[in-house]
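Please open the structure in the viewer and keep the sequence at hand.

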Amino acid sequence: YSSSYFKRKYANLATARAGNVIGGGDVSSNRLVPDIYRSIIEKKNLKIRNKNHIRPWQHVLDCNNGYMMLVEKLHNHKKYAGAWNFSSNYSDHTVQKICEEFSKNIFFKYIYSAGKHNEKKVLKLNSNKSKHFLSWKTKLSFKEMISLTSEWYKKYLNGEDPDLICYDQIHKYYLSK
C-alpha cells in the first residue's frame with residue numbers, strides 16, 4: 001500500500017488490530033456486551049451461544065492506549081511501520097466467565113441456547129510485538145474492565161450523557177496507574 005500510493009519514502013504506515021473489545025458505547029448487534037444490555041432493556045433472557053468459547057477480551061481504553069502509543073512511535077520512526085496486534089492478558093476467559101462477571105455488576109438473566117453455532121472455539125491474538133517494542137500492556141484488570149463497562153451502561157441507561165460518561169472514563173484511565 002505504501003509503495004503503491006506514497007511516492008515519498010517517509011510515509012510511515014501501520015495496521016493495528018485488537019480482539020473482542022468491550023466498553024461503553026458499543027450497540028452493535030450480535031455482540032455479547034451490547035446484547036446483555038439489550039436483554040435488560042427488553043426484559044428478556046439473553047440467549048448465550050457457545051458458552052465455553054474463549055475470546056481475547058479487552059477494554060476499549062486499553063486497546064486505544066496501544067493505538068496511541070503506536071501512532072506516537074510511528075510518527076518519527078519508520079521501523080514501527082507494519083502490522084500490530086493488541087490483545088489483553090485475559091484471553092483465556094470464556095463467554096460464560098464474562099456473563100458471570102457482568103451479572104455481579106448488573107442483574108440480567110441468561111440461558112444457553114441449544115444447537116451448533118459456526119464459530120471458532122478459541123480466538124487469540126499474539127501481541128508480543130506490541131508488548132516488547134512499544135512496552136504496551138493493559139492497564140485494567142479483568143474485574144476493572146467489567147466494572148468500567150458496566151458503569152458506562154448503567155449511567156447511560158439512567159439517562160446520563162454518553163459523551164460525558166466517556167470523557168470521565170478516559171480522564172480517569174489516563175490519570176490512574
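In which loop is the place of asparagine 50? Select asparagine 50: its place is in the loop between strand E3 (46-48) and strand E4 (54-55). Strands (E, at least two residues) and helices (H or I, at least four) are DSSP runs, numbered from the N terminus.

Before continuing, please note that this is a predicted model, in which local features need pLDDT of at least 70 and side-chain atom pairs count only at pLDDT 80 or more, while totals for chains, interfaces and linings use all residues. Residues are numbered from 1 along each chain as its sequence is written, and side-chain values use heavy atoms, with hydrogens and water left out.

**First stop: around asparagine 50**

Asparagine 50 is buried, with a relative accessible area of 16%; buried means under 20% relative accessible area, exposed over 50%, and partly exposed in between (1.4 Å probe, protein chains only). Next, display Val95, His117 and Glu119, which asparagine 50 touches when residues up to four places away in sequence are not counted. Contact here means heavy atoms within 4.5 Å. Between the side chains of asparagine 50 and glutamate 119 there is a polar contact (2.8 Å). Such a contact is a pair of N or O atoms within 3.5 Å; within protein, one must be able to donate a hydrogen and the other to accept it, and residues adjacent in sequence count only if both atoms are side-chain atoms.

**Second stop: threonine 149**

Threonine 149 is buried, and its relative accessible area is 0%. Leaving aside neighbours within four places in sequence, the contacts of threonine 149 are Ile22, Gly23, Gly24, Val33, Tyr37, His59 and Phe102.

Select residues 142-157 for helix H6 and residues 162-175 for helix H7. The contact is made by Leu148, Glu151, Trp152, Lys155 and Tyr156 of H6, together with Pro162, Ile165, Cys166, Asp168 and Gln169 of H7.

**Last stop: the whole chain**

Finally, show the entire chain, which has seven helices and eight strands. Its C-alpha atoms fill a box of roughly 55 × 40 × 30 Å, taken along the principal axes. Of the 177 residues in the chain, 37% are buried. Among contacts between residues at least 6 apart in sequence, 83% join residues at least 24 apart.

Key
Axes fitted to C-alpha atoms, helices over the stretch in contact; angles between N-to-C directions.
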